[in-house]
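Trainee: I would be grateful for a close look at a single part of this model, namely the contact between its two chains. Which features would you point out there?

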Amino acid sequence: MKRWFLPYLMLSPFLILVVMFYVIPAFITVMLAFTDMNYAMEWRFAGLVNFEKIFTDPFLPVIVWNTCKYVGGTLFFNVVFGFVLALLSTYYIQHEKSGIFFRALWMLPRISPPVVYVLLFLWFFAPGQYGLLNALSAIFLGVEPQNWLSEYAMLIVILANGFVGASFGMIIFSSAIRAIPQDIFRAAKVDGATEFAITKEIILPLMKWPVMFVSVWQLLSLLTSFEYILLLTGGGPFLDTEVWSLYSYHRAFVGFEFGYGAALALVMVFTAFFLTALMLKLFDFNRMIKSSRID
Amino acid sequence: MNIKFNNVSKAFNNQLAIDSLNLEIENGEFIALLGPSGCGKSTTLMMLAGLYKPTAGEIYFGSVVVNDLEPKERNIGMVFQSYALYPHLTVLENIAFPLKQQKVPKKERLRRAEEVAELVHLQEFLQRWPSQLSGGQQQRVAIARALVKKPDLLLLDEPMSNLDTRLKNNMRNEVCRLQKQLKITTVLVTHDQEEAMIMADRVAILDAGKIQQFDPPEKLFNKPKNLFVAHFMGNPPMNFLEGRLVNEGNQQVVVADDWRYAFTKEKALPEKYTGKQVKLGIRAHQLAITQESKDALPAKLLALEYLGREVIIRAAIGKQNVCVFVENMVANNLPEHFYLYPDRAGVHVFDEETGENLSL
């Protein structure tokens, strides 16, 4: 008994924190999903009512479609743009210091507070003649000012998230490209490969594992995070940028339908599980962990 | 294709790695670049491959200056020390990769890849991944990949250094056989003198970015141009004895505190060298043990090393240690003091300052 007692004692402060802030909230969310708790904050179990409500919610098709556009678009942008940045800053810019400087630039949005970052975006796309984009297009193209944020709301949301998120992929991909031995590139050059062929036939196939990791990671974080949307558009105009997680937040904390909000969150968690499993299958995860492919 | 280096230099951050190198390689010849690490041999190979550009001078392939040609425009094959196989391609795809880059139609490139695979006995492993192969098999793949496009020049960058001794011997034979069969001009970079001697028609010995000597192996061994070559070639290394070259009567002699060595009339050096500090160089197998002091060097026994058929005797002549090869029989009852009689044909005299071999 003594042998396991002391380690658990040592771990207990941490365990208590984990239980308090991770386990209990998860448990409460699951419980809440089966109640019809509202602003009166009463626990009243209502069975599957909330789930029935989800599938008959008239907003549901729009929300699902928005979520697909947002997650798919941002994920694509993140992975592709992150890969391009990594490729440029590690392979095409061989000078190490320039590469590091270049990558550090792209890390800036990550270390600036989201509110500040979003303010810059809002200012850039602001309607009226004082918005930066409007001012620029008036000078160079002579075009009338436009209300970008209502016209292209989803696109701007994807861009804002994509520019922040791309640095994650960039860091993972750069270290993966750096892990490819120099001799492989030399061999490919001697074997007659052009730079384009080296990118396509050597680097890209060796990025399978990092691409999978970045995709799964970003997929999960994109499904559940909504702070940039909340700050940029608040889900609007109308429901144009209202995604699932934001909708759940709105129903719970703006409409005070805590039960319904929890049920929406619960469905999202299972969707995330399902999508992760699907991606692992898609990338042939089992074969990949069998042996390291770069030795 | 014959290859020529004309005053080629290569500098990295203003540090000369190669210092006006001149070298000519005949068509179909197998040469080795041999030297200690950091001597510039790999740099030379990289310049041949087009992966490094020379800082000065010209490299000719045939009559064409190739300084500014990219590796892919040179039609060369290269085998790397790490083999550098593409981990995400099968053996067959690895071998066919150079042909794919030349846009050879798929059917034909697979057929040609299979042909070359057969040449290096890989036909049973075509569908495997590189990670499923042994070191020797991986190297065969690397060789096949280098040969598949029928290169004009084959570059081997320390290809055997990751193999165990037995496999090394096999691969040496096989590479030599392929080279003779296909008549490809080949450049081997190695730090292993045995490998260079066995495989190459001619060996260039490099040190400090310069070629010290470029000759067939037996000439390097028997007629070293300078101290570096003499010291570098042969195992155990040549014995060196420091002394001064003087005239005694009408005889030319090298003298030291504890010994003297007299030259015969035919072997005498030009007069102008008289008075110089020199090093006598004698190989371990060119010293004979004797009990007579006439024309011989007095030695004291230090240790014996049994190698099986032969024994290496470590002995001291004055303050200098030497090695001598002797038969097992002789070694068994050796007195503590004896004399060493040098084979006159094997005595070299090096200038201590310049290292030059004065007796050539």
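Mentor: The following account concerns the interface of chain B and chain A. Please bear in mind that the model is predicted. The size of an interface is often given as the accessible area lost when the parts come together. Here chain B and chain A bury about 2,000 Å² between them, and carbon and sulfur atoms account for 61% of that area. The residues taking part number 24 in chain B and 21 in chain A.

The rule finds 2 salt bridges between the chains. One of them joins Lys100(B) to Glu201(A), with 3.5 Å separating the closest N and O atoms.

Turning to the side of chain B that touches chain A, three elements of chain B each give two or more residues: α1 (41-49), β6 (76-79) and α2 (91-101). Of these, α2(B) supplies the largest share, with 4 residues. Lys100(B), the salt-bridge partner of Glu201(A), falls within the 91-101 range of α2 of chain B. Sorted by class, this side of chain B comprises 15 nonpolar, 5 polar and 4 charged residues.

Note on methods. Residues are numbered from 1 along each chain as its sequence is written. Chains are lettered from A and ligands numbered from 1 in the order in which they are written. This is a predicted model: local features need pLDDT of at least 70, side-chain atom pairs count only at pLDDT 80 or more; totals for chains, interfaces and linings use all residues. Side-chain values use heavy atoms; hydrogens and water are left out. Contact means heavy atoms within 4.5 Å. Buried area is the accessible area (1.4 Å probe) that two parts lose on being put together, summed over both. A salt bridge is a side-chain nitrogen of Lys or Arg within 4 Å of a carboxyl oxygen of Asp or Glu. Ala, Val, Leu, Ile, Met, Phe, Trp, Tyr, Cys and Pro count as nonpolar, Asp, Glu, Lys and Arg as charged, and the others, Gly among them, as polar.
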